[in-house]
Amino acid sequence: MRTRLVSLSLLSVVALVAAGCSSETTPQAPPKKAALVIAQGGLGDESYNDLAMSGFTAATKEKGVEGQHIESSDVVAQGEQLLRRAGTSGYGLVIDLEFSHGEILPTIAAAYPNVQWAFLNNKIDGPNIASVLFAEHDGSYLAGALAAMMTTQTGNPKINADKKIGVIGGTKSVGIDKFLSGYIQGAKDVDQSIEVLTAYSNTFGDPTKGSQLAETMFQQGADIVYHVACGAGAGVIEAAKKNNRYAIGVDDNQDKLAPGFVLTSVLKRADLGVRRVVDAYADNKPLGGQVINLGLADGAVGLTDFEFTKNEIPETVRTKVDELKQKIISGQLKVWNVIDQGYPAWLQG
């Protein structure tokens with residue numbers, strides 16, 4: 001019996017030692033790292049950047065990815081420097097929100113082939129680059145159609161007698177003009193006689209400039225002004241409230257920024273696009289060379305549900321907007337895409 005006990009004890013010791021050795025020698029994989037490059041306008045824009053950041057934060061947390069954002073006071077001029085630094089900082093994935101980086105990204109990505117790169121809002125070729133595209137023109141078309149129908153509702157105290165609406169872009173570029181073109185097309189398809197005023201703030205972070213441009217448009221007779229200018233758009237919304245007119249927000253749901261004075265917002269769910277990329281990276285799914293298209297049918301673009309303005313928009317107008325949405329989804333209605341098709345007659349470059 002004693003011999004049997006000793007044998008069992010020896011076996012136990014051997015098992016414990018083996019377990020200890022196994023624990024010590026099993027390598028633990030380092031956490032995956034991802035970076036998000038913030039676009040012009042910066043965080044705090046209550047629009048594109050903030051929305052993308054919310055998706056990035058949620059996805060990295062859920063997937064156990066170490067996430068970091070990269071922001072610069074001049075993200076355009078410092079673009080190459082920022083991206084090269086990201087390429088050498090141990091990130092396995094770098095998601096770039098800045099449209100102007102599209103020209104330099106192929107060269108940067110080729111220099112850092114072990115990094116997965118993702119670019120929002122334009123198709124960029126490269127074996128380690130994924131492109132995330134949104135149908136912003138479709139959502140903007142619906143906003144233009146809505147604005148055109150609303151500008152004739154003269155029984156509404158926020159609407160004047162002029163059939164005139166406006167749109168303000170952040171910069172003159174195909175990425176922004178994709179929005180403007182869809183908006184103008186939607187308005188003109190409803191009523192060719194609608195006048196659409198256009199302007200560019202040439203900034204994505206100065207609300208004062210957005211306010212000044214919107215004020216001018218309201219003085220010229222516009223009663224609804226759509227902004228595609230991130231942080232500068234906050235000034236457009238404030239100007240609408242001050243002048244008892246309507247603004248149309250962009251990217252995130254901005255209706256709450258001035259309840260009753262933001263007719264709707266053109267949603268562009270950058271958070272969904274960012275989450276899609278982070279999820280694929282975390283799950284070791286291929287990204288390079290892929291194009292991810294997100295549109296109305298995915299719920300990635302579209303209009304808000306008129307939380308604060310529904311009672312001011314006639315049911316016939318809301319029904320018509322929904323009909324147009326379904327026609328776009330079905331393919332019956334085609335909205336011009338500036339990036340793929342160049343500039344249309346109604347928005348010459």
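Trainee: In which helix is Thr 316 found?

Mentor: In this predicted model, Thr 316 is found in helix H10, which runs over residues 315-330.

Trainee: Why is Thr 316 called exposed?

Mentor: The relative accessibility of Thr 316 is 63%, and exposed requires a value over 50%, so Thr 316 counts as exposed.

Trainee: Which residues of H10 are buried, and what makes them lie on the same side?

Mentor: The buried residues of H10 are Val 317, Val 321, Leu 324 and Ile 328. They cover an arc of only 60 degrees around the axis, and therefore they lie on the same side of H10. On the other side of H10, Glu 315, Thr 316 and Ser 330 are exposed, while what covers the buried residues includes helix H5 (136-150) and strand E12 (301-303).

Trainee: Where does the largest share of the largest nonpolar core come from, and which members touch the most others?

Mentor: That core has 73 residues, of which Ile 95, Tyr 183 and Ile 224 touch the most other members, and its largest share, nine residues, comes from H5. Apart from this core lies another of 18 residues, among them Val 75, Tyr 91, Trp 117 and Ile 129.

Trainee: What follows H10?

Mentor: H10 is followed by Gly 331, whose phi is positive, near 95 degrees.

Key. Residues numbered from 1 in each chain as written. Predicted model: local features only at pLDDT ≥ 70, side-chain atom pairs only at ≥ 80, totals over all residues. Heavy atoms only, no water. Helix = DSSP H or I, 4+ residues; strand = E, 2+ residues; numbered from the N terminus. Buried < 20%, exposed > 50% of the residue type's maximum accessible area, 1.4 Å probe, protein only. Arc of directions from axis to C-beta. Contact = heavy atoms within 4.5 Å. Core = buried A, V, L, I, M, F, W, Y, C linked by side-chain atoms within 4.5 Å.
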